[in-house]
Amino acid sequence: MRRVLNQITGLAWRAISGPGAWKGIVLYLIVLSLQFVGVWISVRFIAWSKDFYDAIENMQADVALVQIGVFGGLTALSAGTYLVMRWLRQQLMMHWRSRLTDCALDAWMKNGAYWHLRPGLSPNAVDNPDQRVADDCRKFVDHLLEETLDLISSSVALISYCAILWSLSSFALEFTFMGRDISIPHYMFWLAFIYVGISSVATHMLGKPLKSIVFAQERREADFRHALIQLRETATEVAQSRGEAAERRRLDDRFSAIQVNWQRLLGRQFILGLFTRPYFQTVLRIPTFFALPAYFAGAVTLGGMMQLGSAFGRVTQTLSWFIFSYPKLAEFVAVTERLDGLFKATEAPEPMPDAPREIERATSQEGQIEWHALQLCAPDGRRLHAIPDATINPGERIWISGPSGQGKTTLLSALSGLWPYGEGQIATPSTNMLFLPQTPRVFAEGMAAAACYPADPSAFAPAELRKVLTRLGLEHRLHGLDKLGTEGTEGLSIGERQRLALARILILRPDWIVLDEATSALDTDAEAALWAIIRSELPNAGIICVAHNAPVALHPYRIINVGAPEPDTESVNRMKDENIDQSGWIDPVTTGFLDAEPVISNAAAAPAVLLGEQHDRADNHLWQLHVAKQIFALRRDMVMGFEMFPARLDPVLAEWTAGELTETEFLEKSEWNSVWRFEAELYMPLFRFCRENRITMIGLNCRRPLVSEVGADTWEGVPVDKREGLTPALPATPAYREYLFGITGGARDDRKAKSAADPNFDRFVRAQQTWDRAFACRIADVALKPNAPIVVGIIGRGHLEYRHGTPFQLEDLGVKNACVLLPADQGQIVRRGIADAIYRLPLVDHSVSPFI
């Protein structure tokens, strides 16, 4: 009881205090005063009862008529007092409800409590907070006014009624019991308290379970309403999925829970009613029965008996406040506990007990975003994949990639300051950051509110909003700006919602833009067009993008991969020993397996992708085809370059992709058997892929005599008209010479060159670099053009490994960050830095090359 009273007192103070507190107190006192007037009128009615019935008993018609007039006056005064009091009470209820609702909203919104107190994020999650704020605040104030006013006025009235009853019941009840004479003076007074006391105890014992049942009923009703709201908000998804049956099952389950608890409530109310209903119906008649002994004994007249019965009835009615109000008191206690639980939960949202909360946060001094030693955890304490340390400078563009469920979205929550679980340090700037989710909200306030969120749409000119929405491809939706409520946003597709959310960028002009799959519903061309607009408007804005596919429109960008598995040396060794077929992408740095999506997306974002091969391996070429198809799915503007064709054969390659040559004609005109001596069928799947998709093919090679001439006479010894438009190769690094010396057999007795630095090895290096430079020049001719397509090169792996050959020459020509991908066999050792990523091929029957 004390706990409940403390809860009621605390909530009442929230409602009463604050701005305008004096107004509420004055209204309360006025209403209470009018209640007292009602008590006085009741006392007058008691006196009227004696006068009226005495006049009837004495056959005094004139006096009875006067008393009828008095009755009319008292009734008019009572009705007027009641109506004024009721109107003022409703005013007071809204005043206090407004104040209590303000407090509840402040508590719920403060420090993100509405976010932290969701199920799964806190052991004391708040269920149905909408009900607690909207309904419980209203019900609490309503019950508070009703019960306190009734209690106070009843207490005052009780004193008056008791005084009257005491004076009227001056006679004694006399009877004989077991041979003894017993006399009880003022027996009507004591009998009133005994009668109500016994009835109150019976009521409490029978109605005690009501509180918990009412609490459960309110919760089940709220769950049912929430399910109906969810159906309205996901109507399109449900309709498209033909999910009516599933939704009906869900709604039926929620309503069945209401019905089950309703039966419990009805059962308990029925049991309580077995006592309270007879009590209600007899409480006004019992006093007369109790007064009959005094009347028959001649102690009182008929009018006196009616006055005595009226006074006794008033006392018992007042004392019966607890009995009459019991169901409402049960609801009052349930509402109080729910609302008090909301306030207590929001004071300091309790964290999950098994998850660390040791993230140190700071404001960066130079406006960058950075994190170090960051280890995020799930609410159950499970450690997510470690986040690589990063410093992101203003204006930089970042793609956060990685498999699903590894913590990318959680990282964004941590950057926003919300996610509490984990360890490490995070520093964020004090400048404006805008976060955009995958499924942006639309608001009942209309389309303008969605476009400006979280700013006030009235702060922006309608013409400005129309201009922005038109630029972002929503001109067909501009009429929504003129409509109020949900009518303006009704029927928006997810893609249109995402465009509407992107409008916030142009309207609010943040310094940092953080996106979580915020353009996932847009096609590649639309996404590119929108980002071109945004980048032109906010060229200095930093962008952090979580996406499963490469955000090509944001290129160039830096990639931060979340969720790459750690190297598993034990499993790699076991695979080698047991000859287990474990294919997939491998990180050459960690030797751990990678998810395919970020590898391909990273490649698609590069200006050129170089796919290595061992020329006589069919599985190498099938792997190249597989990768090329994946890149083409992301970059339709693709050109494929082939080492096996010299550049002079580009017209023949164009005829082939245009469908003007048969395969036989193509191989003849491309001089396949003289230019390239490997089986044509090894490469035909690649050539057919280019033809089917009208992908431009270019030759990367030069004429073979040029290679020999450079090797023999150096570049300067070759006439300019024989150089095929190529530029001299950047001299080979010592590391490249060591690599070439090793793969060609190293020091041997039959070899003149005894080391990589031996001048006798220069001729081979010059010849190799002529090929490297030729491939690089052909690729650069395409990759350095304005709005250049991506170039996918099909090249022998010896020109690519460790980025020594063609990648090194591309860097010199200005083509930065070309992506090198290589295939590998099962059991081969993957060496650090050999490529950007390695694909371990499935087990096949062939000899393993040692050169990897």
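1. Pro 823 and Tyr 839 face each other, the latter residue belonging to strand E19. The strands concerned are E18 (residues 819-824) and E19 (residues 837-840), which are parallel and joined by four bridges. Note that the model is a predicted one.

2. E18 and E19 belong to an open sheet of eight strands with mixed pairing. The strand order is E13-E12-E19-E18-E14-E17-E15-E16. At the edges stand E13 (593-594) and E16 (696-701), each of which has a pairing on one side only. As a reminder, strands in a sheet are paired by backbone hydrogen bonds, in either a parallel or an antiparallel manner.

3. Two elements, strand E2 (180-185) and helix H6 (187-207), each contribute at least two residues to the patch. H6 contributes the most, namely three residues; Ile 194 is located in this helix.

4. Searching the whole structure gives two cavities of 30 Å³ or more. The second largest cavity holds about 30 Å³ of space. Its lining consists of Leu 515, Glu 517, Ala 518, Thr 519, Glu 527, Trp 531, Cys 545, Val 546 and Pro 551. Helix H18 (524-537) and strand E10 (542-546) are the elements that provide two or more of the lining residues.

5. What is the make-up of the lining of the second largest cavity in nonpolar, polar and charged residues? Six residues are nonpolar, one is polar and two are charged.

Terms used:
Residues are numbered from 1 along each chain as its sequence is written. This is a predicted model: local features need pLDDT of at least 70, side-chain atom pairs count only at pLDDT 80 or more; totals for chains, interfaces and linings use all residues. Side-chain values use heavy atoms; hydrogens and water are left out. On a 1 Å grid over the protein atoms alone, a cavity is a set of points where a 1.4 Å probe fits but cannot get out, and a pocket is an open set with protein on both sides within 12 Å along at least five of seven lines; lining residues have an atom within 4 Å of a point. Grid points are joined across faces, edges and corners, and a volume is the space filled by probe spheres set on the points. Ala, Val, Leu, Ile, Met, Phe, Trp, Tyr, Cys and Pro count as nonpolar, Asp, Glu, Lys and Arg as charged, and the others, Gly among them, as polar. Two strands pair if DSSP finds at least two bridges between them.
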